[in-house]
Amino acid sequence: SKDGLRLLEVVVKLGRNMMISGSTSSGKTSVLNVLSAMIPPSERILVLEDASELQLQQPHTVCFETRKPDEHNKGEVSIRDLVHSSLRLRPDRIVIGEIRGAEAIDLLQAMNTGHDGTMSTIHANSPQDCLVRLENCAMQNGLGMPQAALRAQVTSAVQIVIQTARLHDGSRRITHISEVRPLQDGEYRCEDIVRFEETGPAEERKIRGHHVFTGYQPSFCAAARKRGHDLSGLFLSQDT
């Protein structure tokens with residue numbers, strides 16, 4: 001919806017750290033492409049990918065791709081290597097195509113050390129599963145970090161989760177826009193700002209539905225007002 005788009009534009013311009021979560025072929029990269037296009041053209045953007053899929057048009061964009069090892073098992077460049085290198089290049093934004101493994105810990109540390117507006121995608125089935133999956137990937141670094149400390153890092157780093165899904169009729173939808181809240185009894189919490197709700201039985205095999213604002217007011221509203229972004233009227237509940 002237009003209101004949902006307005007919310008996402010403000011989230012991007014405020015520099016919230018975001019994860020786009022979803023199953024295979026649910027449209028995660030397409031959503032990331034659209035969101036990255038909202039980044040102001042004055043910012044320096046570093047794009048890290050396994051295969052070049054994102055198409056950023058901003059003038060200050062530097063793109064990196066991973067490289068597989070040669071026949072002598074040398075010369076490999078992983079996403080983790082690219083994350084390490086990117087932090088030395090003074091990025092205003094870091095956009096990572098997908099998080100699959102131990103590079104998650106480097107991403108979390110970048111998000112927690114002033115690299116605001118970082119975006120990436122990950123395979124998960126819900127906003128809360130996204131955080132658990134990110135935690136599991138970060139644990140692959142072999143550092144033996146206590147779970148409580150790692151969970152605190154995840155909730156401090158990630159602020160917004162955008163959930164995508166491929167529905168039964170084949171359509172791809174954003175199903176949730178959620179804000180990550182502080183841990184409660186050591187467990188992750190996400191509050192939905194926007195949800196996709198089905199409105200009735202499918203007609204001609206097409207699912208009917210629309211996006212509704214849940215009435216939850218996210219924590220960045222005051223920051224948005226200070227930056228001149230108008231979010232008035234968005235967070236009134238539209239549930240019927």
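This is a predicted model: local features need pLDDT of at least 70, side-chain atom pairs count only at pLDDT 80 or more; totals for chains, interfaces and linings use all residues.
Helices (DSSP H or I runs of at least four residues) and strands (E runs of at least two) are numbered from the N terminus. Residues are numbered from 1 along each chain as its sequence is written, and side-chain values use heavy atoms, with hydrogens and water left out.

**Two loop residues with positive phi**

- Arg90 sits in the loop between α3 (79-86) and β4 (93-96), and its phi is near 50°, a positive value in a residue other than glycine.
- Arg90 counts as exposed because its relative accessibility is 58%; exposed means over 50% relative accessible area, buried under 20% and partly exposed in between, using a 1.4 Å probe and protein chains only.
- With a relative accessible area of 78%, Asp185 is exposed.

- You will find Glu43 in the loop between α2 (28-36) and β2 (45-49).
- Its relative accessible area is 17%, so Glu43 is buried.
- Apart from neighbours within four places in sequence, Glu43 is in contact (heavy atoms within 4.5 Å) with His60, Asp92 and Arg93.
- The side chains of Glu43 and Arg93 are joined by a polar contact of 2.6 Å. Such a contact is a pair of N or O atoms within 3.5 Å; within protein, one must be able to donate a hydrogen and the other to accept it, and residues adjacent in sequence count only if both atoms are side-chain atoms.

**How α5 and α6 pack**

- Helix α5 (residues 127-138) packs against helix α6 (residues 147-157) at an angle of about 125°, and their axes are 10 Å apart. Axes are lines fitted to C-alpha atoms, for helices over the stretch in contact, and angles run from 0 to 180 degrees between N-to-C directions.
- The two helices are therefore oblique to each other, the class left after roughly parallel (under 35 degrees), roughly antiparallel (over 145) and roughly perpendicular (65 to 115).
- On the α5 side, the contact is made by Leu131, Leu134, Glu135 and Ala138, and on the α6 side by Gln147, Leu150, Arg151 and Val154.
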